[in-house]
Amino acid sequence: MQTKLAIVATGFVLLLVAVPVWAHHAFSAEFDVNKPLTIKGTLTKWEMINPHSWFHINVKEPDGKVTEWMIEGGSPNTLIRLGVTKYTVKIGTELTIEGYQAKEGTNKAVGRNFILADGSRLFLSLNGSVPGTPGAPPEK
Amino acid sequence: MNHRFRTSIRLLTIVFAVVLPMTAALAGQAPFSSAKASATAKKWTAKTSDGQPDLQGYWTNSTYTPLQRPNGVTKEFYNPEEVVQIEKQAAGREEAQTEPGTIADVHYDFTQFSLDRSQSAHLTQLRTSMIVDPPDGRIPPATPEGLKRQADRAAERKRMGATTDAVENMPVGTRCIVMAGSGPPMMPTGYNGNYQIVQAPGYVMILTEMIHDVRIIPLDGRPQLPPNVRQWIGSSRGRWEGDTLVVETSNFNGKNPFQNASEAMRVIERFTRLDVDTIDYRFTIEDEKTWARPWTASLPLRKTVGPIFEHACSEGNYSVRNTLAGARAEEKRAAEAAAKKGLK
């Protein structure tokens with residue numbers, strides 16, 4: 001039985017190598033291609049965990065009610081090496097997220113595009129597009 | 001995508017690909033690395049306090065070089081102009097955003113998180129494949145036993161059902177058990193492909209960033225672990241042959257087979273410090289149950305900047321649950337739709 005289980009487990013690795021290594025897990029199994037969304041909210045927390053980080057945002061509904069959403073983003077390790085911290089994108093930053101909602105239907109989504117209030121794409125690196133980092137335009 | 005920002009990202013991509021490999025830690029390194037190029041660099045002679053050739057530091061194996069030679073390529077080396085073109089095209093593909101509404105688009109954008117290979121230090125080499133033996137740059141044909149094992153594994157996988165049916169069905173990497181970077185052999189992981197080597201009297205330690213595996217390799221000639229002790233990353237024993245560290249690994253548990261190898265696979269790795277920025281890393285795979293002949297690949301390690309940050313892999317916190325719950329929700333919706341159809 002143990003041998004059989006071992007063989008089963010090995011089989012799935014072949015699946016893993018059949019897709020690009022960076023895919024890590026099948027995002028289309030977690031998020032629904034038929035549920036694209038664009039939401040705007042303010043950042044309350046960035047969980048810099050691996051293998052994928054999560055942005056927590058508060059979204060204001062038309063009736064004034066605030067709902068919490070969690071948006072999946074990239075592995076933080078490379079960013080930490082580049083000097084980015086969980087405070088680099090400041091709490092309260094307004095973000096517009098284009099993405100796809102979780103299949104299970106709760107307020108979770110993958111963010112295929114993170115956009116800042118001035119319309120620029122969030123670019124987490126050293127190019128200065130992150131407010132407060134070297135090279136960024138002066139804050140208003 | 002907004003054209004302005006697309007342009008700025010493209011510029012950045014180029015800057016990182018060219019400049020990062022030449023930052024302080026990497027200064028003086030020729031932009032291309034091969035055995036030939038390294039022969040011109042200053043030979044590395046530094047030793048540790050106990051007399052081992054010094055391999056210590058932070059290294060990356062990030063590269064665009066594939067394990068096997070691509071179809072249609074027959075030569076062993078590209079020329080520098082070809083490599084520049086190939087990397088530029090690959091970086092362009094990484095940078096390009098996917099088409100909205102497609103399965104491929106259901107993903108965060110790697111470029112926004114600096115995860116494209118072109119955005120970090122990586123090794124640009126002229127080789128057309130990592131595999132150097134057989135000379136065709138391809139994994140040798142599998143033996144009948146190897147082919148049968150491959151078919152048996154595929155059948156068993158089918159019998160188990162979808163990867164979303166149970167957490168045990170998910171790949172070991174998704175479950176944060178082990179990833180390709182640990183090996184052995186140590187293979188590129190796409191991003192976070194970093195290592196730290198530390199030497200102490202009688203030992204070499206290799207820390208793999210993703211996913212924080214450590215190999216502590218004794219050099220005192222002790223025997224391998226008994227055959228009944230099997231481990232995810234095997235059991236490694238090392239020795240020096242001149243200035244080359246030779247590490248032999250066996251005792252794999254068979255649950256994470258490299259290229260469909262059997263549990264009997266043995267990996268012989270060779271680390272030779274060529275110069276301040278380069279370790280020649282080669283590995284030979286021996287597994288008579290899968291291939292009639294051993295095969296060897298070369299993937300130099302390039303010096304990079306540290307430290308290594310902990311990659312505590314926490315997929316179970318959210319994504320595993322989301323995926324399983326998503327599959328159940330879909331099944332429920334399908335069942336409800338079927339029931340509704342039946343009522344009509």
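User: Where is the place of B:Pro134?

Analyst: B:Pro134 sits in the loop between β2 (131-133) and α4 of chain B. Helices (H or I, at least four residues) and strands (E, at least two) are DSSP runs, numbered from the N terminus. Keep in mind this is a predicted model, where local features need pLDDT of at least 70, side-chain atom pairs count only at pLDDT 80 or more, and totals for chains, interfaces and linings use all residues. Residues are numbered from 1 along each chain as its sequence is written, while chains are lettered from A and ligands numbered from 1 in the order in which they are written.

User: What kind of peptide bond joins B:Asp133 and B:Pro134?

Analyst: A cis one, with omega about 10 degrees. Another cis bond links B:Gly183 to B:Pro184, with omega about -15 degrees. B:Pro184 is in the loop between α4 and β3 of chain B.

User: And which phi does B:His212 have?

Analyst: A positive one, about 65 degrees, although B:His212 is not a glycine. B:His212 belongs to the loop between β4 and β5 (213-218) of chain B. B:Gln259 also has a positive phi without being glycine, near 50 degrees, and lies in the loop between β7 and β8 of chain B.

User: Is B:Gln259 buried or exposed?

Analyst: Buried, because it has 21 C-beta neighbours inside 10 Å. The cut-offs: 20 or more other C-beta atoms within 10 Å is buried, 12 or fewer is exposed, and in between is partly exposed, with C-beta atoms placed from the backbone. B:His212 has 18 other C-beta atoms within 10 Å, so it comes out partly exposed.

User: Switching to packing: which residues have the most contacts inside the largest nonpolar core?

Analyst: B:Trp59, B:Tyr195, B:Ile197, B:Val204 and B:Ile279, in a core of 36 residues. A nonpolar core here means buried Ala, Val, Leu, Ile, Met, Phe, Trp, Tyr and Cys residues joined through C-beta atoms within 7 Å.

User: Which element gives the most to this core?

Analyst: β9(B), with four residues.

User: What does B:Tyr195 touch?

Analyst: Leaving out residues up to four places away in sequence, its partners include B:Trp59, B:Met186, B:Ile206 and B:Leu301. Contact means C-beta atoms, placed from the backbone, within 7 Å.

User: How many residues does the contact between chain B and chain A take from each?

Analyst: 61 from chain B and 56 from chain A. On the chain B side, α5(B) has the largest share, eight residues. That side divides into 25 nonpolar, 26 polar and 10 charged residues. Here Ala, Val, Leu, Ile, Met, Phe, Trp, Tyr, Cys and Pro count as nonpolar, Asp, Glu, Lys and Arg as charged, and the others, Gly among them, as polar.

User: Tell me about α5(B), then. How far apart are its end C-alpha atoms?

Analyst: They are 36 Å apart, which agrees with the 36 Å that its 25 residues should span at 1.5 Å a residue. The expected span is 1.5 Å times one less than the number of residues. Its buried residues are B:Ser319, B:Asn322, B:Thr323, B:Leu324 and B:Gly326, and their cover includes α2 (27-30), β4 (94-102) and β5 (108-116) of chain A.

User: How do β4(A) and β5(A) run?

Analyst: Antiparallel, joined by seven bridges; two strands pair if DSSP finds at least two bridges between them. In that pairing A:Gly99 stands opposite A:Gly111. Five strands of chain A close into a barrel in the order β1-β2-β3-β5-β4, with mixed pairing.

How values were computed:
Contact = placed C-beta atoms within 7 Å.
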